[in-house]
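Biologist: I have a model open on my screen and would like to learn how to read it. Could you walk me through it?

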Amino acid sequence: MMRSYLLNYFVLVALISSSTFAFDVFKVITPNKPDVHDENIMAVVVKVDTNVTDLLSITTDENLTYTLDIIGNKEYYCKNIPIHLGDNEVYIKAYQGDKLLKEYKQNVYYTSKVYKQFKYPPLKFEYNYFHKEKNEKECAKCHDMSVNEVKGVAFEDVRKSNCYTCHKPIGYKKHAHAPTVNWLCTSCHNGTVGKYNRFDVHKSKYTVADPIGTVCLTCHKKTKKKWAKERFKHEPVDSGRCNKCHNPHGSDEINYLRRPEFDLCTSCHKDKINGSHIIRTYSKKIHPVRGKKDPTRKDRELSCVSCHEPHASNSPSFIRAKTVMGLCSKCHEK
Ligand code: HEC
Ligand code: HEC
Ligand code: HEC
Ligand code: HEC
Ligand code: HEC
Ligand code: HEC
Ligand code: HEC
Ligand code: HEC
């Protein structure tokens, strides 16, 4: 009799402890797979066994370390960390005093549309979407996971956006795009998909159509009208892939370009890098394409965009004049 009572008691204790901490020391909620990222930040969320852990540390392969003290019985620890282009290693460690209890390593890949060497993540990396009911449930204990934006109305205080707590860094780029700084995230992340990401349907509440062009042009109406009248359209513009050249959230460059103009254009047009295509004469002279002042644009350097429209034009090769001679004369007297 006594024996079975004791046995039941132990089983019960075991059940209780295993249901509270069904993991050893900590469980990494994200990143828990070799994810692919399109942005330079990543969320780390860890659930810890508060009975044994005093301190959690997150270290990147650029030797940035974030230490988080374990407070009382608070089980969840959340931190946004910067990531660099390519393969990133992230280490998560738990300590009791000086004693290392557990170490965890995950690789994630930050990919790029304009740096060729980072364009194709190795096969082990995949896009794994986060915003699904089953993932959000755990966060909803502390975070409001609903959308509280009013279509087209900027937040007076952006910190009130439900997206802000978790995605704050996205709104603080050097040059930031209006709908992003106003936290009108779902004006683009409306859960739809396009021809190039049709297999992502229902994978996240906040998918964005690829191509995104028609979404951009619902706001940029004047631009749309202007381009509609142009005879020649640049292929990546015509196919709606605005985000190949523009970061939709913002960037260090004006117009939210993903790279400075010259580097952006030559990331696809390598053969034009030395400007030898410009003057076709028997003279050995090669026209400069950079490193000189642009006489047509105040405070800007000469670049591909000095002579070419990036989007569309009525002139062949989208030159910024009706004729080639007309173009030359914008900067040269004869
Ligand atoms: C126990 C409560 C709790 C739970 C559960 C929780 N969080 Fe948090 N989280 C917080 C608090 C508190 C903050 C800090 C808010 C602040 O500073 O304004 C935070 C901040 C964050 C941040 C921003 C971190 C930074 O460096 O700015 C991210 C990202 C985040 N949480 C993601 C998640 C995700 C994803 C989940 C679900 C898997 C989750 N959190 C579950 C309490 C929680
Ligand atoms: C509890 C924190 C949290 C909140 C609140 C939150 N997100 Fe996220 N979101 C994440 C995490 C974590 C990821 C995974 C990417 C990462 O590591 O940063 C993510 C990813 C995304 C993605 C990429 C697609 C996907 O599903 O992975 C989009 C788009 C996005 N969030 C938009 C939003 C919008 C819009 C809101 C507000 C309506 C919002 N998020 C609110 C934590 C949060
Ligand atoms: C102008 C359209 C637009 C707006 C506004 C916008 N996004 Fe995005 N977002 C995109 C596109 C397009 C992508 C796909 C990746 C790319 O092109 O860089 C993306 C990707 C993301 C990702 C995935 C990043 C990753 O690492 O994989 C997150 C997270 C995200 N957006 C969050 C937000 C949040 C939060 C807001 C609001 C503050 C927002 N976005 C506003 C267009 C937009
Ligand atoms: C929800 C509406 C909205 C959407 C969607 C939107 N934009 Fe914008 N965009 C704006 C507003 C508002 C401005 C600021 C305009 C201004 O200051 O004249 C802006 C500014 C810009 C600028 C800078 C223009 C300038 O003159 O300073 C660029 C470039 C741009 N957007 C590109 C895009 C691209 C690319 C997309 C799609 C990925 C897009 N936008 C989608 C509203 C939007
Ligand atoms: C091939 C790269 C490329 C693509 C693709 C591209 N843009 Fe641009 N965009 C640029 C460059 C470069 C500038 C800066 C032009 C300048 O400095 O005169 C710019 C400027 C802009 C501006 C602000 C100034 C202006 O010319 O009106 C808007 C708005 C804009 N782009 C919207 C879009 C939209 C919407 C799309 C997709 C339909 C798109 N862009 C696709 C390269 C691109
Ligand atoms: C994402 C890749 C990509 C980027 C970035 C890009 N282009 Fe293009 N461009 C193309 C493609 C694709 C074509 C059409 C195929 C071709 O003729 O090479 C094209 C065509 C052109 C043409 C017309 C060729 C012709 O014979 O009609 C010009 C001019 C041009 N691009 C200039 C630029 C300039 C200037 C920039 C920088 C603002 C730029 N491109 C950035 C992909 C790109
Ligand atoms: C000083 C003016 C000027 C600059 C700077 C310039 N181009 Fe051109 N580009 C031209 C002219 C002129 C043509 C020929 C147009 C014609 O014959 O119809 C041309 C043609 C082109 C073509 C299409 C024809 C071909 O040979 O394939 C592409 C693509 C192109 N340029 C890309 C670029 C890129 C990329 C840059 C920057 C590295 C650049 N251009 C810089 C003036 C310029
Ligand atoms: C957007 C302005 C701009 C346009 C358009 C332009 N150029 Fe130039 N060009 C320059 C600048 C800037 C220089 C460099 C001047 C210097 O070295 O100070 C230059 C230099 C030259 C040189 C001297 C090159 C050398 O090596 O000394 C020649 C020749 C020339 N351009 C011819 C042309 C011809 C032909 C056209 C039309 C196809 C043209 N340019 C269009 C801005 C322009």
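**Reading a sheet and a ligand shell**

Modeller: Gladly! Let's start with one pair of residues: H37 sits opposite Y110, which belongs to strand 8. Do keep in mind that this is a predicted model.

Biologist: How many bridges join strand 2 to strand 8?

Modeller: Pairing is read from bridges between strands. Here two bridges link strand 2 with strand 8 (residues 99–110), and the two run parallel.

Biologist: Now the ligand. Which residues are closest to ligand 2?

Modeller: Begin with the shell, then look at single contacts. Ligand 2 is surrounded by 18 residues, and H131, C163, C166, H167 and S204 are the closest. By class, that shell has 11 nonpolar and seven polar residues, with no charged ones.

Biologist: Which polar atoms lie by a nitrogen or oxygen atom of ligand 2?

Modeller: A polar side-chain atom of H131 is 2.8 Å from a nitrogen atom of ligand 2. On the backbone side, a polar atom of F130 lies 2.8 Å from an oxygen atom of the ligand, and one of A43 lies 3.2 Å from an oxygen atom of ligand 2.

Biologist: Which domains supply the shell?

Modeller: Domain 1 (21–125) and domain 2 (150–258) each give at least three residues to the shell around ligand 2.

Conventions. Residues are numbered from 1 along each chain as its sequence is written. Chains are lettered from A and ligands numbered from 1 in the order in which they are written. This is a predicted model: local features need pLDDT of at least 70, side-chain atom pairs count only at pLDDT 80 or more; totals for chains, interfaces and linings use all residues. Side-chain values use heavy atoms; hydrogens and water are left out. A residue is near a molecule or strand if one of its heavy atoms lies within 4 Å of it. A polar contact is a pair of N or O atoms within 3.5 Å; within protein, one must be able to donate a hydrogen and the other to accept it, and residues adjacent in sequence count only if both atoms are side-chain atoms. Ala, Val, Leu, Ile, Met, Phe, Trp, Tyr, Cys and Pro count as nonpolar, Asp, Glu, Lys and Arg as charged, and the others, Gly among them, as polar. Domain bounds come from an automatic or database domain assignment. Two strands pair if DSSP finds at least two bridges between them. Helices (H or I, at least four residues) and strands (E, at least two) are DSSP runs, numbered from the N terminus.
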